Structure formats: structure tokens, C-alpha cells
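Subject: Structure for your review

Dear colleague,

Please find the structure below, handed over for your own work. My notes on what was found in it follow directly after.

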Amino acid sequence: MTNKITSLADYLQKYKESVADPEGFWANIAESHYWRKKWDQVLDWRFEGKDAPHVKWFINGKLNITENIFERNMFMRKDQVALIWEPNDPKEKEVRLTYGELFDKVKQFANGLLKIGVKKGDRVAIYLPMIPELPVAMLACARIGAIHSIVFAGFSASSLADRIIDASSNVVITTDGAYRGAKSIPLKSVVDEALKTCPTVKNTIVFKHTGEEINFDARHDIWWHDLIKGVSTENTAEEMDAEDILFILYTSGSTGKPKGVVHTIGGYMVFAEYTFKNVFQYDDGDIFWCTADIGWVTGHTYIVYGPLLTGATSVMFEGVPTWPDAGRFWDVVDKYKVSQFYTAPTAIRALVGHGDEWVTKHDLSSIKVLGTVGEPINEEAWRWYHDIVGKGTRPIVDTWWQTETGGIMITPLAGIIPTKPSYATLPLPGIQPILVDQEGNELKGNSVQGILCIKFPWPGMIRTTYGDHKRCYETYFSLYKGLYLTGDGAKRDEEGYYRISGRIDDVINVSGHRIGTAEVEDAINQHPRVNESAVVGYPHPIKGSGIYAYVICDELSDEERDGIEDQIRETVSKYIGPIAKPDLIQIVSGLPKTRSGKIMRRILRKIGEGDATNLGDTSTLLDPGIVEEIISGAKVEVKR
Ligand code: WT7
């Protein structure tokens with residue numbers, strides 16, 4: 001395969017070249033793609049100054065990403081399976097779509113979208129469960145130059161509405177309902193609820209999946225099967241500029257509502273394919289399975305774009321790891337003879353608890369590479385994954401990256417870079433990490449710990465936050481001038497290996513999902529009896545971090561007090577979604593605030609960690625007594 005690193009020496013050489021001449025390095029990789037018209041200039045960039053960040057790759061290059069997935073692969077792979085879909089219920093039959101079949105579905109649905117007036121540049125909201133129609137819908141958007149904005153189907157109506165409004169989407173694509181293990185979720189009714197506040201939406205396309213009854217309004221709603229009835233499978237891709245937007249994906253930060261991370265076509269395409277084949281060392285004939293949901297960036301890049309650009313066979317799974325039982329992942333690995341298996345530490349930790357037999361009773365000899373993503377993996381979970389799932393011999397790629405980076409940034413290359421438990425190890429060629437101290441001074445050399453930034457652009461990086469370019473600068477480029485701020489802390493050890501320690505901002509990583517504390521607080525405060533709240537992360541054995549909410553309420557009767565925690569959880573679920581429900585809720589009479597009214601979260605975090613032995617300087621607190629009250633009533637055991 002072209003552009004594949006083959007050895008450690010090769011990696012070291014490529015890394016050196018990529019730093020000495022980044023433009024030459026990436027241009028060489030981009031040559032293997034199909035461009036209608038090649039670029040005039042590889043890169044133009046500034047992280048500071050006028051309109052910063054200003055990052056343009058492959059300037060004036062013309063292409064369509066779906067021509068790189070389909071037309072480019074068609075000669076070799078028309079009858080090769082592109083997607084294997086494993087349904088929620090193991091008794092139901094799987095679906096296998098060849099490149100040829102997937103291509104026809106994409107072209108036909110693209111024509112369906114054109115028929116209802118969707119145009120290049122329109123934003124299409126996709127709120128679908130993990131079914132084959134999800135990649136079909138996203139690729140159909142890309143085919144006609146529409147921008148997809150996928151919203152994870154576990155988000156609430158109000159979160160969906162926020163995203164539809166922010167992107168002013170005119171079409172929503174959904175299903176009647178979704179399955180999740182033994183549960184089913186009425187997606188269409190969530191959309192109906194969301195659309196009460198979304199005037200820009202003209203049509204909702206509904207794929208019939210569960211067959212449950214829905215509220216169908218023929219003025220706006222269109223069945224997927226009606227939309228494509230009799231529609232041709234002939235379609236010529238729209239010619240796009242390399243810097244046209246491919247997709248928007250919303251993600252949480254320290255402050256405010258989630259922001260729409262914008263990725264553009266050319267750079268993202270080159271980065272997705274390059275990182276996919278190198279990190280996982282994908283070979284022809286391998287079966288790749290990433291267990292993420294396509295509603296997150298991991299699914300965008302490593303279920304859909306990376307594998308399909310490479311011409312791989314990609315597995316997508318509708319269900320959950322523990323239903324019908326804790327052996328489901330390994331059943332599926334055996335069923336399809338999966339070669340590369342990519343999941344999240346939280347799933348590994350959850351499965352450890354069910355015992356080794358679920359794993360060891362399966363063959364699993366097809367597995368060549370194991371991967372993890374989303375949060376730091378603790379050494380114990382890493383060892384279990386390595387020894388029990390990987391039989392002590394399969395390399396683990398601990399891949400560090402973010403929604404904003406578009407693809408993997410720091411990771412071992414499978415079988416090439418020696419691994420070390422809980423270390424993401426080394427940057428990919430083309431990636432230039434830097435550690436800085438609080439003031440932004442570079443920490444040079446090895447054995448240092450600091451804030452992880454990136455000092456040079458890479459093709460897959462965020463271009464802007466949709467509709468608010470200033471916010472992009474403020475969030476990622478304003479703190480340390482000239483650097484992209486990741487929001488993570490990291491250590492570089494004596495051999496130059498990176499170990500990511502986790503977020504340094506007010507973002508909590510719950511089961512690999514990024515949740516902003518401010519968002520959860522806003523949701524809690526919607527409860528009519530709540531006055532104020534403060535939310536922090538605390539160590540959780542399975543989720544990595546759990547959500548700990550300290551809440552001030554109106555005076556409550558005994559009866560009200562009994563129900564309040566559940567009601568607060570329901571409120572959060574309603575405003576954000578079940579993934580953001582607080583694990584621990586403590587009703588308090590006050591919060592530790594400075595005289596200027598700022599909540600000292602550091603203290604709340606310490607208490608959540610169960611350690612009040614060293615709370616630091618509390619002399620600036622308005623009411624130091626409140627700390628004692630919070631410690632005595634804490635929902636975890638606290639060492640004093
Ligand atoms: C945050 C990004 C893109 C992957 C899915 C999550 C954390 C991600 C690792 C890792 C330690 C990791 C970071 C990062 N993270 N991968 N291998 N080791 N931490 O994407 O929702 O944008 O979250 O996930 O804290 O900033 P995301």
C-alpha cells in the first residue's frame with residue numbers, strides 16, 4: 001500500500017523529513033489521491049494575526065471525497081465488502097455492502113437529496129442510530145457538497161435543537177426509532193420535539209427501522225424509502241474546493257454551549273487515510289472494527305472516512321458491549337474474523353469486571369492489532385487488554401487525538417513503535433507536539449511535564465468553529481500565542497514518549513465523552529428548585545471520570561428532599577442526554593467562593609477525589625466554614 005511506514009527506522013526517517021519539509025511531506029501523500037485539479041500551493045497558515053487561525057491546505061485543489069472512496073477504488077474493489085453491519089440483536093441477519101453496492105446507495109440517496117432541493121453548502125443534520133443508512137447519508141451529503149452535521153442519537157431534543165439552530169440546518173435525517181441493547185428509543189419523537197424551536201428545517205427524512213408508530217406530518221416528513229423510490233443510481237459528484245467544508249461536529253469545552261468544529265475536505269481526507277493505514281497497519285483483506293458511534297469523531301474518521309478511503313472492510317455495530325451478554329464484542333470479532341479492533345478504555349474496564357471467561361472462550365486469533373481511544377487508559381486495563389484479549393502478543397495502539405484534530409496525532413504505530421502501558425508514545429509524522437508551562441514557556445528535552453500544544457499545522461486540523469471564527473481563536477490559539485492548545489496535560493518521559501494525563505480545563509471525560517461542566521451546571525439550574533450548582537469530575541472505576549454535582553436548592557420539605565436527586569438527573573437528561581447525568585449529587589447550603597464570587601473548583605475537585613488533606617490556600621474564601629460542611633456531607637469517603 002502506498003504511503004505506508006514499514007519499520008521503526010522508516011518512521012524515524014519520515015518523521016525527520018516531515019519536520020524539515022512539512023509541505024513536501026504532505027504533498028507527496030496527497031499525490032496518491034484523485035484530484036479533479038491539483039493544488040497551486042500546499043499550505044498557507046498563521047495561528048496569529050489577521051483572521052487567525054488561518055489554515056489552508058492544498059489551495060485551489062478541486063476534488064470530491066466520495067470520488068476518492070468510490071471511483072478511485074472501484075476498479076479494484078467493486079465486489080469487495082466495504083461495510084459489514086452487525087445489528088443490535090444477534091438473532092437478526094447482518095448486512096454486507098460491497099463498494100459497488102454502497103456506491104449505488106450513496107448515489108441514489110444523493111439524488112434523493114437533490115430532488116428535495118438540498119444544495120452544495122447546505123447543512124444537513126443527521127440524527128441516526130448505527131445503521132448502514134448513517135454512512136450512506138453522510139457520503140450522499142459529501143457527494144453533492146452538502147455539509148453533514150451528525151448529532152449522536154443519544155442526545156436530547158434540546159441538544160439536537162441547539163445544534164440544528166447553530167448550523168441552521170434545513171434538513172434532518174432520522175429513523176422512527178433506535179435499539180440499544182434491550183431498550184428502544186423513539187428517535188422521531190425526539191426530532192419532533194426539537195423541531196418545535198427550529199424554523200430553518202423544511203424536511204425530515206425518516207428511515208423505517210424499528211417499525212414503531214410515529215407521528216408523521218406529510219407536509220414536512222418524507223419516508224426514506226419514498227424519497228429513493230424510482231430514483232436513479234447515476235450521479236456525478238459535485239466538484240468541491242479543498243477548503244470547502246466537509247462536516248461540522250459539535251463538541252463541548254470549558255464554557256458556553258458546544259461549538260461546531262469545522263473540518264474541510266482536502267486536508268481531512270489526506271489525514272484520515274494516512275493515519276488509518278499507518279496507525280493500524282491495515283493490509284488488504286483485513287477486517288477493521290472500530291466500536292465507536294459514528295455520532296462522535298472517532299466514528300467519522302475510523303469507521304467511515306479512513307477505512308473507506310483506504311479501500312478497507314469496516315465493521316459497524318448497532319448494539320452495546322454487554323447485551324445480550326458480556327461476550328458480545330468477542331462474538332462479533334470471531335464472527336467476522338476481525339483483524340484490527342479499536343475501542344475505548346471505559347469499555348475495556350467494564351468488561352474486565354465480567355471476568356476473563358467471556359473473552360477466553362473465544363478464538364480471537366484473527367486479531368492482529370488492538371487499539372484504544374478517548375481517555376487515558378490505566379495500566380491495569382492496558383495489561384488486561386494486552387494479556388487476555390491480545391494473548392500477550394498483540395500490539396496495543398493507545399491513540400491520542402481530539403474532535404479538533406480530525407485524526408490520530410500521538411500513538412504507537414502497530415508493531416513498529418514499541419509500546420509502553422498508558423503511553424500514547426510518539427507523534428505521527430507531520431505532527432509537532434510541544435509541552436509548555438503555565439506561562440507558555442517551552443519545556444525542552446525529556447522527563448518534563450506540562451500542557452500539550454501543537455506548534456505546526458497538520459492537514460486534518462480544525463479550521464474554525466462554525467459561525468464564530470473568533471471563538472475558535474479564543475478557545476485554541478489565544479492562551480499561548482502561536483500554538484494550538486489541546487486542553488490536555490502530558491508528560492514526556494526519559495525516552496521522549498508522551499503520556500497524556502487528561503484535561504486541564506473544565507471539561508470532564510466521562511466514558512470517553514467530553515462533557516463541559518458549565519453545560520451540566522446550566523442544565524441542573526433549569527430545575528425550578530435549584531439556585532446554583534457546581535460540577536466537577538471525580539475518579540470513577542469504569543467511566544474514568546464521573547460527574548459530581550454540588551447543588552444549592554431552595555428550602556425543601558423532607559418529601560421534596562427525597563425526590564430531588566432523581567429529578568435533577570432527569571433534568572440533565574432532558575436538557576443534554578443520559579450521558580451527562582451526574583453520578584453523585586450533594587445538596588449543599590453554599591459553595592466555596594472567593595470574595596469576588598468565583599467558585600474554587602479546585603477544592604470541590606479535591607473533595608471529589610476523597611482527599612481533603614491538602615486543600616491549598618483557602619484564605620481568600622468568603623466563608624471558609626462551607627468547606628467543612630461539604631466535606632462532612634460528601635458523597636465519597638474523604639481523607640482529612
Ligand atoms: C479528548 C478529546 C478523538 C478521540 C475521541 C474523543 C481525551 C482522547 C486519548 C488517549 C488520553 C485521550 C483527551 C482529549 N483523549 N484520546 N489516547 N489518551 N486521553 O474525542 O471527544 O474530542 O475528546 O479525549 O482528553 O482532549 P473528543
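Lys581 is partly exposed, with a relative accessible area of 27%; here buried means under 20% relative accessible area, exposed over 50% and partly exposed in between, with a 1.4 Å probe and protein chains only. The residue lies in the loop that joins helix H17 (558–575) to strand S30 (584–588). Helices (H or I, at least four residues) and strands (E, at least two) are DSSP runs, numbered from the N terminus. Leaving out residues up to four places away in sequence, Lys581 touches Ile547, Arg569, Glu570, Val572 and Ser573, where contact means heavy atoms within 4.5 Å. Between the C-alpha atoms of Lys581 and Lys455, which are 126 residues apart along the chain, the separation is 36 Å.

Please note that this is a predicted model, in which local features need pLDDT of at least 70 and side-chain atom pairs count only at pLDDT 80 or more, while totals for chains, interfaces and linings use all residues. Residues are numbered from 1 along each chain as its sequence is written, and side-chain values use heavy atoms, with hydrogens and water left out.

Overall dimensions

The protein chain contains 19 helices and 30 strands. Along the principal axes, the C-alpha atoms fill a box of roughly 75 × 60 × 60 Å. Of the 640 residues, 62% count as buried. Among contacts in the protein chain with a separation of 6 or more, 71% come from residues 24 or more positions apart.

Arg349, in helix H12, is buried, with a relative accessible area of 11%. Apart from neighbours within four places in sequence, Arg349 is in contact with Glu375, Pro376, Asn378, Ala381, Pro541, Ile542, Lys543 and Gly544. Ala381 is also one of the buried residues of helix H14 (residues 379–389), together with Trp382, Trp384, Tyr385, His386 and Val389. The cover over the buried residues of H14 includes helices H11 (328–336), H12 (345–352) and H13 (357–360), as well as strands S18 (340–343), S19 (369–373) and S20 (396–399). Just after H14, Lys391 adopts a positive phi of about 50°.

Packing against helix H10

Helix H3 (residues 65–77) packs with helix H10 (residues 297–310) at an angle of about 40°, their axes being 8 Å apart. Axes are lines fitted to C-alpha atoms, for helices over the stretch in contact, and angles run from 0 to 180 degrees between N-to-C directions. H3 is therefore oblique to H10: angles under 35 degrees count as roughly parallel, over 145 as roughly antiparallel, 65 to 115 as roughly perpendicular and the rest as oblique. The contact involves Ile65, Asn68, Ile69, Arg72, Asn73 and Arg77 of H3 and Tyr305, Leu308, Leu309 and Thr310 of H10.

The axes of helix H5 (residues 133–144) and H10 come within 12 Å and cross at roughly 60°, so H5 and H10 are oblique to each other. This contact is formed by Pro135, Met138, Leu139 and Ala142 of H5 with His300, Val304, Tyr305 and Leu308 of H10.

With kind regards
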